[in-house]
Amino acid sequence: MDYNQYQTTYYATRPRKAADFRHIAKRALKGFWWLAAGVTFLAAVLGGLTAGGVSIGSNSGVSIDTTDIPVQSAPILTQEEAEAFKQALNDMNFKAMGEVFSKDYPLVASILSSFVLVSVLTTVVLFLLYMFVSSPIKVGYQKFCLNILDGNRPSVTLDSLFDYFGRGYFKSVGLNFVHSFLLGLTTLPTYIALFIGGAHLLDTLPELLASQLSLATVLVPFATFSGIVSLGSLVTACIRIPVTYAYSMAHLIMADYPGVGPIEAMRLSRQMMKGNKFRLFCLDFSFIGWELLAICCSCGLGLYFVIPYQQVARAAFYHEVSNRTTPEDVVFPSINPEDYYID
């Protein structure tokens, strides 16, 4: 596909609508669908997808039959054991918690004893993989999408996914760290709610274990915990969605101009998304039908075609909001492309 052939289609004076960006992406992907699906699959395996749009959850439809749940049962712990367990909770002593159960519930004791170590090791390993492997893959995948949109056929290869393991590697890691840290801050209401709800639940747990158990006594503390966490999650969503869209162009900017630093990419993204967040949200939301169809009709395999379709459409959106009319143009008029572009 010749880039100049579709230049007038890509860029017009009026703001494009979601249907326009989808049309642009569909034309750009002609002849690249299977390659794009393969690259998307590999990027997903390596954790390099910065998928925008609507997250789709599923409900298994399994109902719980409460007729077999005993209305009342004997206490799990004695009063002395409950007091010891409560003290261990206050001291965050997981070993002592395990000892409370060690006599009658050795499996529970073993799980509690190893819980902290396993959790810490898993978190550290996943964090290192996310930072040092996924970071360059994220930027490389956006570069792949930009190459498709530009009609740069020789550059539309699997190799572009790994370009940033060389040039700009530490900048991509820095961008992923700053981006993740900023989005992580938006989840503070959820963590605060978890702390408050968890503290309340743990405070009632020893008494619950030492009492005559019934359906009501079990459900009430957990329902309270769920309500507190749900409220915190709602506050998080109200904060996180605008912030996510404000910095949604950062990886595309770095993919387009590898010389841009992490902080600068975030700043430029925030600048270009002023007044455009809702437009991008509408573009992402317009793919929900394709996503549902891919999940329902192909057990999710169709998402590997929907995701590049959506990401190339997002790249077209980036072209418009950055005033970029040719591959050589600068993202913003105030920026010298020679300072940021690396051949």
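Predicted model: local features only at pLDDT ≥ 70, side-chain atom pairs only at ≥ 80, totals over all residues.

Residues are numbered from 1 along each chain as its sequence is written, and side-chain values use heavy atoms, with hydrogens and water left out.

How many salt bridges does a search of the whole structure find? Three, counting a side-chain nitrogen of Lys or Arg within 4 Å of a carboxyl oxygen of Asp or Glu.

Select R314 and D284 to start: their side chains form a salt bridge at 2.8 Å, N to O. R314 is in helix α14 and D284 in helix α12, 30 residues apart, so the pair links distant parts of the chain; helices here are DSSP runs (H or I, at least four residues), numbered from the N terminus. Both residues, R314 and D284, are buried.

Next, pick E320 and R279, whose side chains meet in a salt bridge at 2.5 Å, N to O. E320 sits in α14 (residues 303–321) and R279 in α12 (residues 277–285), so this pair ties together parts 41 residues apart in sequence. E320 is buried at 14% relative accessibility, while R279 is partly exposed at 23%.

Last stop: R267 and E264, another salt bridge at 2.8 Å, N to O. They are three residues apart in helix α11 (residues 262–272), so about one helical turn separates them. R267 is partly exposed, at 34%.

How values were computed: Helix = DSSP H or I, 4+ residues; strand = E, 2+ residues; numbered from the N terminus. Buried < 20%, exposed > 50% of the residue type's maximum accessible area, 1.4 Å probe, protein only.
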